[in-house]
Amino acid sequence: MGRPDGLVRRSNSMDNDENEYNPSHSNTSKSITCSHQLCESGSNCKNPKQPCPYTAKYASDGMSSSGSLVEDILHLASDGVNGSNTYVRAPIVIGCGREQSGGYLEGIAPDGLLGLGFGDVSVPSLLAKSGVTSDSFSICFGESGSGNIYFGDQGPSTQRTTSFLPINGKYIAYILGVDNFCIGSTCLDQTSFKTQFDSGTSFTHLPHQVYKAVVEEFDRQTNATKYSFEGYPFELCYRSSSQKLPETPSVTIKFSVNNTYVVRDPLFAVNDSQGVTVGFCLAIESSPDEIGLIGQNFMKGYRLVFDRENLTLGWSRSKCQPLKDGKSTSNASSPISLPTTQQQISPPKANAVAPASAGRTPKSSADSIMLYSSSLLRLLTLLMLLFHQLDVRRCFA
């Protein structure tokens, strides 16, 4: 029998294929055919029994993935009361990539991408429709760059919130309305725009006019010598004469109803070959698009709750430690299969108390390694819009 997780261990680390997923090596893998209700491309298939094809294209230049969909098991730990854990085996849909282009060929995201959007085949959608958790999840990026995801987390009662916005009447991404940007105590006029909160984007991108206003005001309030560092994408950079970065003005985003979001770490430190800090940059970039992107660097230090039931984003300060508070729901049981057609069109059912978190399976099932660990957040470090919203893993055949 093959490994239950379908992971293939290979000795050549240069090929970035040590953890490639092979459906034929997984005891729990099932092919999703063109006749399956979750196969969006089913109408294009010649035979309803053939594997369901997918194609995912991203905002990064020329980056795409195509292959076929499979069903397999995601292992989750449900954080219970009194420190007890219940382990859940949740069926999810995986895009098994056969052909990749762009950044994939350069080694970006070697362990795959985790779809967290509104699409029917994203992990939160499947967990909610199956009744495993409520239709909500939280992400927390720690200062070290690692972090955690909790499925079913609806956040503490003290968190601040703002509403998601539809695009052409549909909720296709986590879009928010920004009233204005504030640098220090100065709130800038004409910096209202729409932006997407995207954990798959490393750095923040602002519409050009907003970007120009923010950069000019930040520079006006910063007492440091401007400098251009070769090989970095940031326009506004400064020299630093010591390991400690100089005082810089705060960066604050104001959402509707005067809800403020203070960016904890808007800077990018520049180090020399010995690891000595020689400068820093304001880690934002200009975008020609009308909709901005709030990336990972603006998310650090917050527990961000993507509440898809109430269509809100919540945030509260956090050190990204295991949750001990907040409203969450999980039935802590393992569904047998993917959501049925009826579950796909019905509201999700969730009626217990603890969120399911991504982690390793219990020692008694040590061979069933989960597809993503709690440190998966460091893998999602490229500019992309996950409109297709599915898990994409490169497959070994």
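Two strands count as paired if DSSP finds at least two bridges between them. In this predicted model, β17 and strand β18 (residues 277–282) run antiparallel and are joined by five bridges. Asn271 stands opposite Thr277 in β18.

These strands belong to an open sheet of three strands, in the order β14-β18-β17, with antiparallel pairing. The edges are taken by β14 (237–239) and β17 (267–271), each with a single partner strand, so one side of each has no neighbour in the sheet. From one strand to the next, the twist averages 25°.

## Chain overview

The protein chain has 397 residues, 52% of which count as buried. Its secondary structure comprises three helices and 24 strands. Among contacts between residues at least 6 apart in sequence, 69% join residues at least 24 apart. The accessible surface comes to about 18,700 Å², and 47% of this belongs to carbon and sulfur atoms.

## Confidence

Mean pLDDT for the protein chain is 78, with 73% of residues at 70 or more. The pLDDT is below 50 over residues 1–16, a stretch that has 50 contacts in the model beyond near neighbours in sequence.

A further stretch, residues 348–390, stays under 50 in pLDDT; the model has 167 contacts for it beyond four places in sequence. Where pLDDT is low, the predicted coordinates should not be read in detail.

## Disulfides

The structure holds five disulfides, among them Cys34 with Cys45, whose sulfur atoms are 2.0 Å apart. This link is left-handed, with -70° about the S-S bond. Cys34 and Cys45 each lie in the loop between β3 (30–31) and β4 (53–57), so the pair ties together parts that are eleven residues apart in sequence. Both Cys34 and Cys45 are buried.

Cys39 is joined to Cys52 by a disulfide with an S to S distance of 2.1 Å. The angle about the S-S bond is 95°, and the link of Cys39 and Cys52 is right-handed. Cys39 and Cys52 lie in the loop between β3 and β4, 13 residues apart. Both Cys39 and Cys52 are buried.

Another of the disulfides joins Cys182 to Cys187 (S to S 2.1 Å). The link of Cys182 and Cys187 is right-handed, with 95° about the S-S bond. Cys182 is buried, at a relative accessible area of 3%, whereas Cys187 is partly exposed, at 33%.

Key:
Residues numbered from 1 in each chain as written. Predicted model: local features only at pLDDT ≥ 70, side-chain atom pairs only at ≥ 80, totals over all residues. Heavy atoms only, no water. Helix = DSSP H or I, 4+ residues; strand = E, 2+ residues; numbered from the N terminus. Axes fitted to C-alpha atoms, helices over the stretch in contact; angles between N-to-C directions. pLDDT = per-residue confidence, 0-100. Contact = heavy atoms within 4.5 Å. Buried < 20%, exposed > 50% of the residue type's maximum accessible area, 1.4 Å probe, protein only. Areas by Shrake-Rupley, 256 points an atom, 1.4 Å probe, with all protein chains shown as cover. Disulfide = S-S within 2.5 Å.
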